[in-house]
Structure formats: C-alpha cells, structure tokens
Amino acid sequence: MNTRKNFLNSWIKDLEPQWREFKFTIYLLRQSPLVVAGFIIISIFIIAAIFAPWIAPYGPEERIWNEQMQSPSLKHLFGTDENGGDIFSRVIWGARIDLLIALAVVGSAALIGSVIGSISGYMGGKIDEALMRVTDVFLAFPGLILAMAIAAALGRNLINLTIALIVVWWPSYARLIRGVALSEREKLYVEAAKAIGAKNARIVFRHILPNVIYPLLVNATLDLGSVILTAAGLSFIGFGAGAGIAEWGRMISDGRNYLFQAPWMATFPGLAILLSSLALNLVGDGLRDVLDPRLRR
Amino acid sequence: MEVNLSELPETLLKIRNLKTYFFTYAGVVKALDGINLDVYKGETMGLVGETGCGKSVTSLSILRLIQPPGKIVEGEIWFKEKDLLKLTDEEMRKIRGKEIAMVFQDPATYINPVLTVGDQIAEVIMLHQDLKKDVLEMKIEELTKRLEEKQNEKLKDKIEELKKALNNPPAPTKRETKKAAYKKAVEVLRLVKMPYPEKVVTQYPHELSGGMRQRAMIAMALSCKPDLFIADEATTALDVTIQAQILNLLNEIKKEVETSILIITHDLGIVAEICDRVAVMYAGLIIEEAETLSLFKNPLHPYTKGLLNAIPKLHGNPSRLKTISGSVPNLINLPSGCRFHPRCEYAMDICQKQEPKLIEVEKNHKVSCHLYR
Amino acid sequence: MINSDNVILEVKDLRKLFPIKEGVLGKIKGYVYAVDGVSFNLKKGETLGLVGESGCGKTTVGRCVLRLIEPTEGEIIFNGVNITNLSFSEMRKFRREMQIVFQDPYASLNPRWTIKNIIGEPLLIHGLAKKRELHEKVLELLLKVGLSEDHLNRFPHEFSGGQRQRICIAKALALKPKFIVLDEPTSSLDVSVQAQILNLLMDLQQELKLTYLFISHNLSVIKHVSNRIAVMYLGKIVELAEKEDLFANQIHPYTKALFSAIPIPDPELTRKRNKIILKGDVPSPINPPSGCRFHPRCEYAMDICQKQEPKLIEVEKNHFAACFLPA
C-alpha cells in the first residue's frame, strides 16, 4: 500500500513541470478575447456532444408524426423536419458524430504522419526519399476526390468516411513533422545524445518526437475545423452518413429540398458547422501565436 | 585618447533616475531601477556588467527602443539640452541614426541580408542628410572632368552657373540623391578602413566576413557623424585578432568623426583597453563609476573587486579563482537594502536594511556601498 | 618520448575535409580543410588546451576525437586501442570512457526533458541503473556539481546559463569517464559564473582523476586550466608547449599576435604593451594559402614560407613550432 502511494506521488511529481507549462499557456491564451470566445463556443459543442443523452429533449431518430415541418417554437427550439424529428435534438446528437469524426481523423492522421515524418526527417537518405515519394503519391490526389473515391469503394457509411479522411489527411502531417525533424536533427542535444551512445530509434522517439508536439498541436487544432467542414461536406454529397442519420452535413442535404418551406431544417445544422469550425480556427490561431517563441521564458 | 578630466568637460548625455520595468507573467522585472549616468563630450565611456544587469536595456532606453512588456516608467535622459523621454516619436526618429547611433552585437542578425551594404548605408544617409549641395558638387565634378578631356565653351559656362548656385542648390532628383548617398557611403567605408570600399558597396552582407560586416555596421552608424556612438557588445561575436582591429579603429576615428563613444560590454579587458571612464552595473543599478585606471587599481565596491578577482589572469598563477558566492538576484524579487548584500563578504547589518546611494568617495570615483560613508 | 602506459589519447595526422557540393547533381566543387594534419598526445591526468580563432578547426578536432564527426584520414588511439574504424556497437563501449561538454548549455539539453531524465539517460542507455537506483545516482551527480534535489523535476529553460552548464557536466560524469572533451565550456557564461565552473572542473579533475582536452578561444582561461597548450591556425597546430614556456616565449608569429590581441583587464599593462595588429581577416579554410598558412598575414614572411609548409619541430625542449623562422 505504501509503495503504491509512493509511486503515485512520484508520478505526480514527474508531471509537475508539464503542468506548470500548461498553466502558463492557458494564461497566455486568456489574453486574447477572440481565443476565449472560440474556446467557449467549442466547449459548448463538446459539452453538448458528451451530455447529449441528458440534454437533448428527443432522440436522434425520434419521429413525432403529428409535428412535421413545424417552425421553431418553445417545444421544438429549432423546429422539426419532414419526418417530425426535432432539429434541436438532432443538432446536438450530430455534434457527437462530427466532433468524434474530427477527433478520430486528426488523431490518427497526426499519429501516423508524426511517426513517418520523424523517421523520414531524422534518418534522411534513402529512407527519407522512399517515404517522401509515398507521401507525394497521396498528396498528388485532390483531397476531396480521393476521399470520395475511397468512401465510394469501401461503402458509404460514417466509418468508411472516417477511414477515407485519415488516408487523405496523414501526408500533410508527415510533411510538416519531417520539416520539424530536419531542423531538430541539427540541434546540439541530438549530438549530445549520440555522444552518450544513443541508438537512432531512441533519438527519434524520445528526443525528436517530444519536440514536435507544439507545431503538431497547432496544426491539429486548426485541422479539426477543416475536417468538420470536409466530413459534413462529403456527407452532404452523400458519401458519409446514410439517410435519416442525425449528422450535420446529412441534415443540410435532407433539408435542401424544403429550403423555402422549412428553412430551419438546413439553417441550424449549417450554423453548427460554421460555428464549430470557426471556434476551432480561433483557438488554433491563438495556440499558434502562443506556443512558439514566447514559451522560452 | 587621454581626455583632460581636470577641466570640467561638457556633458553630452545625462541620465537621471532612469527606471525601466518589464511587466511579465511572472511579475515586474525591474531591469533598470533608477540609474544616473554621465557621458562627457569626446570621451570613451564604458558600461560594464554581467548578464541581466541591465546594460543593454540602458542603451535601448536611451534610444527609446524598449518594446512592451517593457516600459520606461520614470527618469530623464538629457541629450544636448533636450529630455529624450519627452520628445515625440517623430523627433526621436530624427535623432536615431543621426545624433545618436548604435552598433549591436551580432552583425549577422542586425544587418538586412537582402540589401547590399551600399543600399543600407545610403538609406541612413538619405534619411538624415540634406544632400542638395552634395548632388550639385557631384555634378560640378563630373562636368569638370569632362572639361579636362574636351575643351568646350558651353561646358565652362555651365560649370560657372552651377558653381554660383552652390549657395542655394536646387532640389535634386531621387536618382541623383541616391548617387550622392552612395558616394558618401564609399567615403565612410574608407573611413573605417574597409578594404576595397567601392567593391564592398555593391556586395551583400553574407559575402563579407564577420569583421568586415561589423565594420560596415560601424560605417553605417558613423555615416551621419553622430554625437554619441553606442557600441553594445559590438565585438563580442568577433575573433580576438579582429576585435583588436575594431577597437583600434574606434580609437582612431573618434577624433576624426568628433564623436563620444559609449561601450557596453561584459569584458573588463575591453574596458581596460580603450575606455577613459567606466561604470559598473549590477542588478539594474550603477554601483561604481570611475576613471578606468582608478577602477582597476583601486576597486571600491565588493562586487567590482569580486569581478576582477574572478578573471583568470594572464600573469601570476593562482590555482583557484576567487569567486563571488551565490548568483545574480532575480530582478522580480530583489533583496532588501543593498542588492549585493547576500553575496557580499563585507556585508553589515545596515546593508540589509538600507539601499546605499551612489556618492563620490574619491575624486571622480563614485561608489554605492555602505562601507564608504 | 612516449611512455605508452601514461598516454591516454594519441592523435596521428588527423584530417577532416568537408566536401562542398554545388549544382543539382551535387558535384563536389572543393573542400573545407577544417583539420589538416593534426597530431598530439594526451597524458593521463593532464589538461591539454587547444586554442585558436574561428575556423581554425579546434572544435572539429574535439568532435573527431570522439568520432562524433568521422575523420577523413588519420588515427585516433584511445588507451592503446585504435578506435578510428570501430563499428557503432564497438564504439559504444568506448563512449563510456570519453565524454564531451558542449559550448552552448541551452542547446545541448533537450528542452522537453526534465533534468532528472537528462542526467539519467546515459545510465539508462548503458543499462547501469533502474528506477530507484537511477534516482539516487542522478541525485548524487547533481549534488556533486553543486545543484540540489528540487532541481530534478524542472525543464532546462528554468535555469541560468551557469546552472545549465553544471547539468551538462553532471551528465558527462554519469558514466564515470576517464577523458572529457570540454568544447568552450565557459565561453557563453559570465565572468563570475565562469570562475565557478572552472573551479568545479578543476576540483572534479583532481577528485576523479580525469584527463581534459580543453578547447577555447580565450587565452586567459586556457592558461588557468591547462598543463600544455596547442595553438591552432587554419586546421593545423602551429605551436605546442608547456604552459609556462608558451607564456614566457612565443615562437610562432601568429601566437605572438594572438597574445598581443587579447584584452588584458589591466589598463596600465595593456596600454603599454606592443600591439601587433594583424592585417586582413582570418582566411577561410576553403582555399588555404600555399605553403605556410599564415604567410599572407605574417610580418616576418620569407620566400620559403610561400612555397613550403613548415613542419611542427621541437625548437626548444618540449616546445614545438611550425615555422621557418627559428631555423
């Protein structure tokens, strides 16, 4: 029991310096009102997504047959669609899907891209050439088209959409991280690691990768917004969410036919996409300003 | 280089109670906490101290180049009858480069890499100098040369006409101004003993060596014959033999350009080499000020003594260097009373309670320490 | 006279040329003659000072000796073993005995690692300690260099320059090496901090019986720590002598000029002495002058200096110089 407590204590102590850095970053971020606004907005979405079952008055596919096409009212804050579904609830449920997709795509793409980019940048030579040519092949395709092709080939559902987007997104991370790895490789601490006999694998994973986090974080945050837009866009065309699923892009597509009779059907999901990606962009911008040289305090 | 300090010299720069603070996340950094400094006309003044003592902040404050989160919160900087801190931005801009010029430490980062050396010096000249007369003189020279080759009545008349206009020269075109400025740039490069100045004027900074780049920077600074020339660690990034050349150069041209030099450095060797007087800074304050010979022969402040002891000597051979215990204080949480007392081997009770004032203890030798009252 | 029991490091004819590539295909246009034929020995327990200006090759020598840069030619013999061509894993064993402290204490520490991990890394890599034992060993090293326990869990940027250099020294000592290359260890530090670090280095040398190769451009610092001093110019050693001999009498004209150029913190001395101001710049090691590298700037240059390269010969007892003048 005692040793377990000691282990926990030492673990906390080990994380202390990172915690201090985190607090300093938050302090700097708080200085800009735009960043704070963005943060608040995206937090609302995140909370909505997590607590959807408790917040949303109706289920995502709940149909109330007498109440189709109703304009916004106290009972249905955003109105209802042609099947009687409550738009407000569906937007909240949609937050789950879109935010989850964004997280999955960016997370996986960043992971794959970082590993490939670090190895490529640090090792250089033929490995670098080979990996970069593979990356180039993927980058040569226009992203949207490639995603559509993959989604079409695998089958049109949300999981395959996610996979398609990961395939489209990882090369740009590889490029980015390779650049960072190239500049870190020349730094003195890498030479110091060699001087004590560190093997290349250790240098790449323990030394270079941690220094890649900051540029990665900035890019990732900005990308979250882009992925939401892209995923919604592809679903709108029909490559993602199937009919009737409460996903923002799909909802806009469904509401397209009723644009003049029931404009609320398409408008509110559209606003959700706009606000969420805008908020993520603001936060990402703020992070970029804050994370680089200023942290050399 | 010997300035006769027995006659009361004219004071070029008078800094009184200058306070520059930096308002940061961690607290208020009191980089300068009330310094008084005088620079006399025609002398080479040294400002010496270690990292964090505030010497660079001093030079930036004089030129009012302090950026937020820094701010000059109090004080006066008297330069030629004007308080620089009360001038407008526009007036200050006219002074920078023309009346007060500065050379920084690393010529690689402070010089514009995409402009030629000639472009950059010419820019300074065109900004601050009225080149009407020079343009006219150039024209006259050109025509005179042509006259020597080919005798022509019309040319002779033209030259006479231009010569008459010398007292009231016409406004030149931009091209003519630039040409005149380039000519002056070559002249000033020759002044700093740059080899092949006509060629250097067309070269980019990366084509020059470190020493030559620094010469170009010095040329840029001297191009408008400033009254005060500030060298902020100007030779720190240079090799020793090149540094010797540059210091030698500064000495020689001081008289020719009629300028006073403020040398900011951490190297007491440089101070011994070319400074007439020197002020020692510690933690945002000036703690000793004296003529160079007096400071080295008879250092009064314990910090100065410690500093001189810590330098490995070329002559004599102690096996251990006598160090100053402890380290430079945090400028946010300064020690009470005298800032040096936690590290001072002569510290007394009063040192902790009261901050000592900078007072003249011997002739022309000021020190701020409770040991001397 | 080489008593091979006593010699820890032998460098023979070390040469390092960096190719200059130009054009799309990377054609080799020329070479940077960074180190061009350097030979010396290091006795156990001594400090050899390597002094010179930028471009003279002293830093490259330091790195070649540790094979952080691969020498183009020449041999490095450490404790009797020729380590010039060893493989990565063979070399790894020797890395425990030879370490380096770099000039820039900030850049040589990984900014995202805590001090504990930085100092502990060598021990982890060579499997010398784990967890609890590691913690204790790291603490021991920290205390040895004058830092304390609460510095363990901090990042490098939270320390001052002098403290960071102490961390680097602690890391270098972790593997209990016998030989340390000190590459301008105090050049970026303030004078008072420099004094502390120099004292620390000398104390450690006595206590742990270390051998130092001390590289610096600062002659006063070199004088303080070295037993013997080698002066380098454009990739070659131009003078090599015991400290006292060198300071009493400089034979090579470059050494003379170097000595006279150093600012001395003593205004009477410095203003009285005879200053040799060299003309021209330090030449680039890309196209070194023919014959003696120093002849274009030398005030004693003779005809032969342009044609032939002088060899490092013993001019006085244990005082070597590469110059035609003494002959």
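User: What makes the eight strands of chain B one open sheet, and in what order do they lie?

Analyst: In this predicted model, the order is β6-β7-β8-β3-β9-β10-β12-β11 (chain B), with mixed pairing. Strands are DSSP runs (E, at least two residues), numbered from the N terminus, as are helices (H or I, at least four). Two strands pair if DSSP finds at least two bridges between them.

User: Why are β6 and β11 of chain B called edges?

Analyst: β6 (100-103) and β11 (359-362) of chain B each have a single partner strand, so one side of each is left without a neighbour in the sheet. Neighbouring strands are turned by 25° against each other on average, direction ignored. Axes here are lines fitted to C-alpha atoms, for helices over the stretch in contact, and angles run from 0 to 180 degrees between N-to-C directions.

User: How do you know that β6(B) pairs with β7 of chain B?

Analyst: Four bridges join β6(B) to β7 (residues 228-232) of chain B, and the definition asks for at least two. So they pair, and they run parallel. Ala101(B) has Phe229(B) as its bridge partner in β7(B).

User: What makes β11(B) and β12 of chain B a pair, and in which sense do they run?

Analyst: Three bridges link β11(B) to β12 (residues 365-367) of chain B, in the antiparallel sense. At least two are needed, so the pair qualifies. Ile359(B) stands opposite Val367(B) in β12(B). The two strands form a hairpin with two residues between them, and Asn364(B) in the turn has a positive phi of about 60°.

User: How many residues of chain B are in contact with chain C?

Analyst: 45 residues of chain B are in contact with 43 residues of chain C, where contact means heavy atoms within 4.5 Å. The chains bury about 3600 Å² between them, 56% of it on carbon and sulfur atoms. Buried area is the accessible area (1.4 Å probe) that two parts lose on being put together, summed over both.

Technical notes. Residues numbered from 1 in each chain as written. Chains lettered and ligands numbered in written order. Predicted model: local features only at pLDDT ≥ 70, side-chain atom pairs only at ≥ 80, totals over all residues. Heavy atoms only, no water.
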